[in-house]
Amino acid sequence: MRLIIYNGKGGVGKTSVSAATALRLAKKGHRTIIMSVDTAHSLGDSLGVELGPDIRNVAPNLDAFELDIIHEMKTKWSSIRDYLSAFMMSQGIDGISAEEMAIFPGMEMVAALLYVLTFRNENTYDVVVMDTAPTGETLRLMSFPDVSNWYMDKAFSMVNRLMGIARFTIGKVVDFPLPSKEVMRALGELKDQMTEVKSILEDGQNTTIRLVLNPERMAINETRRSYAYMCLYNKNVECLVINKVIPEDADGEFMKIKLDEQKEYMQMIHDSFEPLKMMTAHMLRTEMRGIEKLEQLADMIFGDSDPIETYSGESPMKFYSETPETATLKIKMPFVEQDQIDLYKGRDNTIILQIGSQRRTVSLPMTLANAELLGAEFGDSCLFVRFKR
Ligand SMILES: Nc1ncnc2c1ncn2[C@@H]1O[C@H](COP(=O)(O)OP(=O)(O)OP(=O)(O)O)[C@@H](O)[C@H]1O
Ligand SMILES: [Mg+2]
């Protein structure tokens, strides 16, 4: 099963591009589902259909739903919730509601990934398209090396937090019920599921991330950061979708000015992300809504090609550590022959690589923010930049 996750800054067109992709996949004959994992859902709006938390068919070969974490909390994980309620009650506090549990960060993604796992295990779909919330939340999940531990940590910090509340409320710590066998079993099962989810997420052949951005400074900066992050955590970013590109023949003084500005930003995108595959879509004059418009968007992005394709099985950029003190950034640079590499520290925790006529600006992960730059080597069509922490 293929899993395609779209991510990017707010408003760049993630939902539109996800919906367009899903429609095209379905048209190509793949059993497709698109899921929206964003509290501010707009997938139904984009497709022009009524969507809710239950999976429904919206076109031949295409199912869709908008994940609702409160609904998930009410319908699933009941033993864990019951335990937490019993725990709260033992503290003299009314039980915890699904709404209260739903506020914990990352819950949506966990629930979404459990769906993905079910789809894969039951072989319901050939491809799952995930439309996500703007960068932050998705990144946070990607950044934890072990999703299952991440979940467990969350669960335990939640219990701690509840204990904190209990202390505050009643002024003393009282006994509380120990989790039952059933609760422990449910937690254990979740942990196992999360381990499986982790292996799905890191299977770069089948699971890929596509970053959507606009030719605009802030979107580029944010995309650079999230790209570095995802590479750092071994997620396969296979392409960029540059959306809302102003067409060359745009008329009017205002558009002409925008067009000039955009040229600079397109160059900046190339300098930052080459050799990552890039696809572009023009800004339409009218709102991007409804199936007809989305088909038009799919044409611009994919032409006749099949969006199920994995453009690259491995991200062109990778961070790894040989020893706790050193780290290496490996960047595929297949078109570079020049032996002269210039390396600079850039602003905002970036490094700038000048190789012949190519220039790359790479955002560094926080863990390398103050690392010393040791140098760079070129070999095997890859550039290796070494750091000392
Ligand atoms: N190529 C395009 N041409 C014209 N309008 C577009 C294009 N792509 C997206 N839009 C419009 O831009 C707005 C934002 O698009 P969309 O909702 O897909 O972005 P998003 O990244 O999912 O936003 P959010 O971060 O709020 O979820 C919508 O009004 C949509 O109709
Ligand atoms: Mg959206």
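Analyst: Start with pairing: two strands pair if DSSP finds at least two bridges between them. Strands (E, at least two residues) and helices (H or I, at least four) are DSSP runs, numbered from the N terminus.

This is a predicted model, where local features need pLDDT of at least 70, side-chain atom pairs count only at pLDDT 80 or more, and totals for chains, interfaces and linings use all residues. Residues are numbered from 1 along each chain as its sequence is written, while chains are lettered from A and ligands numbered from 1 in the order in which they are written.

The chain holds 15 strands and 12 helices. Our part is strand 2, residues 32–37. Strand 2 runs parallel to strand 5 (residues 127–132), and six bridges join them. M35 has M130 as its bridge partner in strand 5. Strand 4 (residues 62–66) also runs parallel to strand 2, joined by five bridges. There, S36 has E66 as its bridge partner.

Now look at burial. A residue is buried if 20 or more other C-beta atoms lie within 10 Å of its own, exposed if 12 or fewer, and partly exposed in between; C-beta atoms are placed from the backbone. Six of the six residues of strand 2 are buried, so the strand is largely enclosed by the rest of the structure. Both faces are covered. One side carries T32, I34 and S36, and the other carries I33, M35 and V37. For the chain as a whole, 37% of the 389 residues count as buried.
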